[in-house]
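Here is a short tour for anyone who likes to have the model open while reading. Please keep the viewer at hand.

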Amino acid sequence: MHGLIQEDNGEEHVRLSTELEHAAALEPRQVRIQIMAAGVCGSDLSCVHGKYYMPTPLVPGHEAAGVVIEVGSAVTYCTLGDHVVLSTFGNCGHCPVCEGGSPGNCGFGGLRYTHVEGEQQLWGFANLGAFAQETIVHENQAVPIPNEVPLSSAALIGCGVMTGAGAVFNRARVGVGDTCAVIGAGGVGLNVIQAASLSGASQIVVVDRVASKERMALEFGATDFVLVDSESFDSVAAVQELSGGGVDHAFEVVGSTELLANCLPMTKAGGNICAVGVPDLTATVTYPFQALHQNKNLLGIRAGGGKPRRDFRLIADLYLKGRFKLDELVSQTAGLDGLQGAFDSLKAGAEARTVLLPNG
Ligand SMILES: [Zn+2]
Ligand SMILES: [Zn+2]
């Protein structure tokens, strides 16, 4: 099969292979997936740049949807032909943490080889290795959705949508009348905006450095757009002024430690500071003590604190009822050879998402 291999850290070390194979035969609780769509997320860029300290060589890609084309003998979560969104949680499904309802906190997931090229074993990013024509995953990681959801849009549910919407629904728990600031209106930020809007937020102030993002931000439910047009621009003062002294929830979606620190004084007493974006995993965040002191909550958020088997279906159902935008998040589609172009778009910060179609 065709697939991408990241030989080492750096964009120049990613190449297309036509000779990938699965790393092992299907186990009883595994399913084989034909990957129909895989989004290119900021985390793919971070992974390729080595900011997540993943072992190489690996097959990148982690935000995907596809069709179940083979099921193991003990699989009960999905059946042949199901359309599924893939989850990045390689969780076990039966430890106390999983049974307690926090699959993202399971300590038994680990990383594994998903593919091989000849004798060379290849790690799978997020236990998926989604930038390939097929992958084999545990049934926990394949969540069925209705066939009516286009797979190129559904792919985004697995990461970008869940990371943004889950931060609002599962972690911040934005309530009716709450005020929000969203720093960064990219593929994840737009989902923070629409989830906050759906939750009944009375004000959603969006801060971004790209003027062309204003239209999409407003379309997704933003009430105010603040353009950061210079290095010296004071976005904290701008949010404080627009919100009358600070918001209930400030979401940092870019993955910048400096912007995360800025979110503390943007919130009012008792507010939530939500660390949605992921910087280099070894980065240090510093902030003035007093900025957090007034009963504020600094929330670490991994992948929207999601419960994939519940939340993915919820998002798909909201989409089918016309209450949640997915199609609008897809800026363009490309083949597996379109990864570099997608990275360039991400770096320019101009578009929501490129979705790769590994099977054309
Ligand atoms: Zn577990
Ligand atoms: Zn992602």
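## About the model

This is a predicted model, in which local features need pLDDT of at least 70 and side-chain atom pairs count only at pLDDT 80 or more, while totals for chains, interfaces and linings use all residues. Residues are numbered from 1 along each chain as its sequence is written, and chains are lettered from A and ligands numbered from 1 in the order in which they are written.

Helices (H or I, at least four residues) and strands (E, at least two) are DSSP runs, numbered from the N terminus.

## Helices α7 and α8

Two packed helices are described by the angle between their axes and the distance between the axes. For α7 (residues 235–243) and α8 (residues 257–266), the axes come within 9 Å and cross at roughly 30°. Axes here are lines fitted to C-alpha atoms, for helices over the stretch in contact, and angles run from 0 to 180 degrees between N-to-C directions. The two helices are therefore roughly parallel to each other, a term for angles under 35 degrees.

Which residues meet? From α7 come S235, V236, V239 and Q240, and from α8 come N262, P265 and M266. Contact means that the C-beta atoms, placed from the backbone, lie within 7 Å. The residues of this contact divide into four nonpolar, three polar and no charged; Ala, Val, Leu, Ile, Met, Phe, Trp, Tyr, Cys and Pro count as nonpolar, Asp, Glu, Lys and Arg as charged, and the others, Gly among them, as polar.

## Strands around β8

Strand β8 (residues 113–117) runs antiparallel to β3 (residues 20–22), joined by three bridges. Four bridges join β8 to β9 (residues 120–124), again antiparallel. Strands pair if DSSP finds at least two bridges between them.

V116 in β8 stands opposite E21, and its bridge partner in β9 is Q121. β8 and β9 form a hairpin with two residues between them, and G118 in the turn has a positive phi of about 60°.

Buried or exposed: how does A65 count? A65, in strand β6 (residues 63–71), has 30 C-beta neighbours inside 10 Å and so counts as buried; the cut-off is 20 or more, with 12 or fewer for exposed. Beyond its neighbours within four places in sequence, the contacts of A65 include M36, H83, L86 and L151.

A348 lies in helix α11 (residues 339–348) and counts as exposed because it has 9 such neighbours inside 10 Å. A348 and V210 are 138 residues apart in sequence and 9.0 Å apart in space, C-alpha to C-alpha.

Note on methods
Angles under 35 degrees count as roughly parallel, over 145 as roughly antiparallel, 65 to 115 as roughly perpendicular and the rest as oblique. Two residues are in contact if their C-beta atoms, placed from the backbone, lie within 7 Å.
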